[in-house]
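Subject: Structure handover

Hi,

Here is the structure we spoke about. My notes follow below it.

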Amino acid sequence: MAHTVRYSAFGGPDVLEVVEVPTPEPGEGEVLVEVFATGLNPVESSIRRGEHPERWPVELPATQGRDLAGVVIAAGPGASRFSRGDEVMGFVDHGAQATHVVAPEANLMPRPPALSWEVAGSLYTAGTMAWNAVEGLGLGPNDTVVITAAAGGVGCLAAQFARMRGATVIGTSAEARFDFLRQFGVIPTGYGQGLADRVRELTPQPISAFIDFLGGEAAQARALGVPPSRILTVLDWDAVDEHGALHISAGDVVALGRVAALAAARRIRLPIADVFSLDSVADAYRALDKREAPGKIVLGLRVVAYPGQRVREPEIKEQDVTLGVLTPHAHMDVEEAIPPALADGSVRRRHREEHEREEHEREEHDRAAATRAEGDVPVE
């Protein structure tokens, strides 16, 4: 059996549930992937809330998630690119937030060893969308671009791509993330009213492009004199209809390969803000919907370890992908990390019983060794 995230009514994170389903079987040209990590994206919240059904039609009950990274455990007829045990990353149309997912081979690529599971499982939507935005605008050294929600997963990648092409980048975020943005060479400014005025104070250069990952800022872009053909949005369909802004969509596996190569070579970074277990998916989306996280929020479905991983007191896990910023995580034993949804705790119970048996055997061994040692002591 497998477990998947599902919702049967439109709404906020509270409508999400983790349900047990039969393990899917791969069809023609497909493989079955055991998912290790899957990134969350703001568009998933918009779709789940039932916004713009004419643009994002949904049939209930519905599943969530596109990005994934994991291990191939079975191949369907005609699938020959990947074998059992291959580590892959890529995307599906929907339903990536599950323990097991069937994916077309054409949507997957090998996971570069230099990419952590969290980054590999979060790179498709944010990475290819950011790539398409910057490439589509043809940004260069003569451009000054405003990127809203620049501290988020897609925003910080778009900022890095724009900087790679020589553009000047002004990014909006919560004030607490200003230093975070400066790490990428971004000029930070805050959210809220008066954005156009604040931008004018930051640079004497005209704003030649505007990428709105937050939504609702197309009027500010027009106030800055940006033509509609240079205003891009992901979530704001009203801006498309009212202001003539262009909609950004994610790319294909070829674009993912380009982005993954840059990330593996450390030419770009995708910071991981936090990792949640599958059964905490509602909490993960609550954190995402605040739009304050620096980088990506991820569902981690498997406990994985990395060479050189360090755990420091007080219970702080250091991840290289966070650009050296210590990310707090509550202490978690391997047993505790297994989501309760898996076998209703039977896995955890089996681990506990095995641990108790090993402890008992170790104690018996120590007592026997002590008895033998006493027998070897010479009597005076």
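The lining of the largest cavity has 17 nonpolar, six polar and four charged residues by class. Here Ala, Val, Leu, Ile, Met, Phe, Trp, Tyr, Cys and Pro count as nonpolar, Asp, Glu, Lys and Arg as charged, and the others, Gly among them, as polar. This is a predicted model: local features need pLDDT of at least 70, side-chain atom pairs count only at pLDDT 80 or more, and totals for chains, interfaces and linings use all residues. Residues are numbered from 1 along each chain as its sequence is written, and side-chain values use heavy atoms, with hydrogens and water left out.

**Cavity**

The volume of the largest cavity is about 330 Å³. On a 1 Å grid over the protein atoms alone, a cavity is a set of points where a 1.4 Å probe fits but cannot get out; a pocket is an open set with protein on both sides within 12 Å along at least five of seven lines; lining residues have an atom within 4 Å of a point. Points are joined across faces, edges and corners, and a volume is the space filled by probe spheres set on them.

In total, 27 residues line the largest cavity, and P42, G152, G153, V154 and R291 lie nearest its centre. At least two lining residues come from each of α1, α3, α4, α10 (281-289) and β16 (296-300). Helices (H or I, at least four residues) and strands (E, at least two) are DSSP runs, numbered from the N terminus. The largest share, three residues, is from α3.

α1 gives the most, three. By class, the lining has 11 nonpolar, eight polar and four charged residues.

**Salt bridges**

There are 11 salt bridges (a side-chain nitrogen of Lys or Arg within 4 Å of a carboxyl oxygen of Asp or Glu).

- R66 bridges to D93, with the closest N and O atoms 3.7 Å apart. R66 is in the loop between β4 and β5 (67-75) and D93 in the loop between β6 (87-91) and β7 (100-104), so the pair ties together parts 27 residues apart in sequence.
- E87 bridges to R111 at 2.7 Å between the closest N and O atoms. R111 also lies over the face of W117, 4.0 Å from the ring centre. For a charge over a ring, NZ of Lys or CZ of Arg is within 6 Å of the ring centre and within 35 degrees of the ring normal.
- R230 and D143 meet at 2.8 Å, N to O. Both are buried (under 20% relative accessible area; exposed is over 50%, partly exposed in between; 1.4 Å probe, protein chains only).
- D14, D283 and R286 are linked in a network.

**Aromatic pairs**

The structure holds five aromatic pairs. Rings of Phe, Tyr and Trp (its six-membered ring) pair if their centres lie within 6.5 Å; planes under 30 degrees apart count as stacked, over 60 as edge-to-face and the rest as tilted. W131 and F161 have ring centres 5.5 Å apart and planes at 85°, so this pair is edge-to-face. W131 is in α3 and F161 in α4 (residues 153-164), 30 residues apart. F180 and F184 are edge-to-face too, at 5.3 Å and 80°.

Best wishes
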